[in-house]
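Please look at the model shown here and follow the report from one region to the next.

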Amino acid sequence: MSSADDYDKLSKEEREARDKADREREAAEQAALPYSWSQQLGDVDVTVPVPKGTRARDLNVVIQKKKLSVGLKGKEPIVSGELCKEIKVDESTWTLEDQETVLVHLEKVNKQQWWENVVTHHPKIDTTKIQPENSKLSDLDGETRGMVEKMMFDNQQKQMGKPTSDELKKMEALKKFQEAHPELDFSQAKIS
């Protein structure tokens, strides 16, 4: 029996307790990492603390399609390993802020997938529990935006007991056909 099956059999209170324990364990694991990170669907930002007074020339930062390494020259990297997913190297950057923090911005190749971790050998987060920020329709590409607007319109129409956009199209096509063929009797026709 899988843990998902076990989870489904728990009461609401037991689920909340398990979720809380999982979040606390996850937070402790993430806090123990030598960096912090956050993500949106399209990118990942990694914040790596370095000794105060560090200069960019003192750093060794490597950003590759599936690899990240950040550290001081001549020393063990602070973070190094295989990225859990591929990135767009040309659109990924790093900066040194206030001579004590390296900010690494990684642009995801797959902008529709949450990352479980930054580097594969570090603890994973449960991506099913991520609460994404509300996005605006204007953030979407044209095709996706059109699809979402159509779905919203259809949902509103259904709630009001009115025809959806597809049903309206069918009705319009039938009306045009009837106008073009007045000799035909449609009074008994059932259109689906």
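Met-171 lies in helix α4, which covers residues 165-180; helices here are DSSP runs of H or I with at least four residues, strands are runs of E with at least two, and both are numbered from the N terminus. Together with Phe-153 and Leu-168, Met-171 makes a nonpolar surface patch of about 260 Å². Accessible areas come from the Shrake-Rupley method with a 1.4 Å probe, and for residues only the protein chains shown count as cover.

The model is predicted, so local features need pLDDT of at least 70 and side-chain atom pairs count only at pLDDT 80 or more, while totals for chains, interfaces and linings use all residues. Residues are numbered from 1 along each chain as its sequence is written, and side-chain values use heavy atoms, with hydrogens and water left out.

Thr-164 is found in the loop between α3 (142-159) and α4. Thr-164 is buried, with a relative accessible area of 9%, where buried means under 20%, exposed over 50%, and partly exposed in between. Leaving aside neighbours within four places in sequence, Thr-164 is in contact (heavy atoms within 4.5 Å) with Asp-154, Gln-157 and Lys-158.

## The open sheet

An open sheet is formed by 4 strands in the order β1-β2-β7-β6, with antiparallel pairing; two strands pair if DSSP finds at least two bridges between them. Because β1 (36-39) and β6 (93-97) stand at the edges with a single partner strand each, one side of each is left without a neighbour in the sheet. Strand β6 is joined by 5 bridges to the antiparallel strand β7 (residues 101-107), and the bridge partner of Thr-95 in β7 is Leu-103.

Strand β4 (residues 67-72) is mostly covered, since 5 of its 6 residues are buried. Strand β3 (residues 59-64) pairs with β4 in the antiparallel sense over 6 bridges, and these two strands form a hairpin with 2 residues between them. Within this pairing, Leu-59 has Leu-72 in β4 as its bridge partner.

On to the next pairing: β4 and strand β5 (residues 79-82) are antiparallel and share 4 bridges, with Lys-67 standing opposite Glu-82 in β5. The hairpin of β4 and β5 has 6 residues between the strands, and in this hairpin Gly-74 takes a positive phi near 80°.

Terms used: Patch = residues over 30% accessible without salt bridge, like charges linked within 9 Å, V, L, I, M, F, W, Y side chains within 5 Å. Salt bridge = Lys/Arg side-chain N within 4 Å of Asp/Glu carboxyl O. Buried < 20%, exposed > 50% of the residue type's maximum accessible area, 1.4 Å probe, protein only.
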